[in-house]
Amino acid sequence: MRIVVAAVGRLKQGSETELSERYRKRVAQTGRQFGLRDIEIIEIRESRAADAGKRMLEESIALANVIPHDAAVVLLDSLGENLDSIGFATQLAKWRANGRPAVVFLIGGADGLAASLREKTELRLSFGAATWPHQLVRVMLLEQLYRSMTILAGHPYHRA
C-alpha cells in the first residue's frame, strides 16, 4: 500500500519542513513492517484566481488528478470525524486488509475544496474544531501516520 499526502500550498524551508521530513522518513521506515511501499508528498500550487469559487475549483481539480485508481481518499476537515490514534491505525489496517493500493490524504487550500471532490472521500478526518495552518496540519498528519505505524507494529512509541 502507498500513502500519498496531497496538499495545496508548499512548505517553505524551516522548522515545519524539517519536522515534516523527519516524520515522513519515520513513516516510511516503520511502515515497511506494515506493508507500506511508499509515502509521497505532493504539493499543489495555490490557485491565483481572483474568485474564491474558482480558486476552490482549480485546486480541487489539481488534487483530483493525483488520486490513484481505487485509492481510499481522506479529507482533512475541521468538521470531520475526530479519531483517536488507535482508531486511525485501525482504519489504515482495514484499508490494507481490503487490498487498497493507496490511501490519499487531501489537505485543501484556504477556500476549501469543491463539493464534487468532498463527495469522493471515504473519511473526513478532523484534528479538532480549531482552524490550523496547512503547514501544521501536514506535520500533525505525518506524526499520526507514524504513530499508527508504531501501533500496528507493536512499537512502544504510542502509550495509551
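Contact here means heavy atoms within 4.5 Å. By that criterion, among contacts in the protein chain between residues at least 6 apart in sequence, 84% join residues at least 24 apart. The model is predicted: local features need pLDDT of at least 70, side-chain atom pairs count only at pLDDT 80 or more, and totals for chains, interfaces and linings use all residues. Residues are numbered from 1 along each chain as its sequence is written, and side-chain values use heavy atoms, leaving out hydrogens and water.

**Fold layout**
- The protein chain holds five helices and five strands. Helices (H or I, at least four residues) and strands (E, at least two) are DSSP runs, numbered from the N terminus.
- Read from the N terminus, the order of elements is β-α-β-α-β-α-β-α-β-α.

**Size and surface**
- The radius of gyration of the protein chain is 15 Å, which agrees with the value near 15 Å for a compact globule of 160 residues. That radius is taken over C-alpha atoms, and the globule rule is 2.2 Å times the number of residues to the power 0.38.
- Along the principal axes, the C-alpha atoms fill a box of roughly 50 × 35 × 30 Å.
- The accessible surface is about 8,500 Å², and 48% of it belongs to carbon and sulfur atoms. Areas come from the Shrake-Rupley method with a 1.4 Å probe; for residues, only the protein chains shown count as cover.
- Of the 160 residues, 41% count as buried. Buried means under 20% relative accessible area, exposed over 50%, and partly exposed in between (1.4 Å probe, protein chains only).

**Charge**
- The chain carries 22 positive and 18 negative charges, and their mean positions are 5 Å apart.
- Lys and Arg count as positive and Asp and Glu as negative, while His and the chain ends are not counted. Each charge is placed at NZ of Lys, CZ of Arg, CG of Asp or CD of Glu.

- Ser20 belongs to helix α1 (residues 15–31). Its relative accessible area is 6%, so Ser20 is buried. Beyond residues up to four places away in sequence, Ser20 touches Leu11, Arg138, Val139 and Leu142.
- Thr150 sits in helix α5 (residues 134–153). Thr150 counts as buried because its relative accessibility is 0%. Neighbours within four places in sequence aside, Thr150 contacts Thr30, His155, Tyr157 and His158.

**A loop residue with positive phi**
- Asp70 lies in the loop between α2 (52–64) and β3 (72–81). Asp70 has a positive phi of about 65°, although it is not a glycine.
- Most residues other than glycine have a negative phi.
- With a relative accessible area of 46%, Asp70 is partly exposed.
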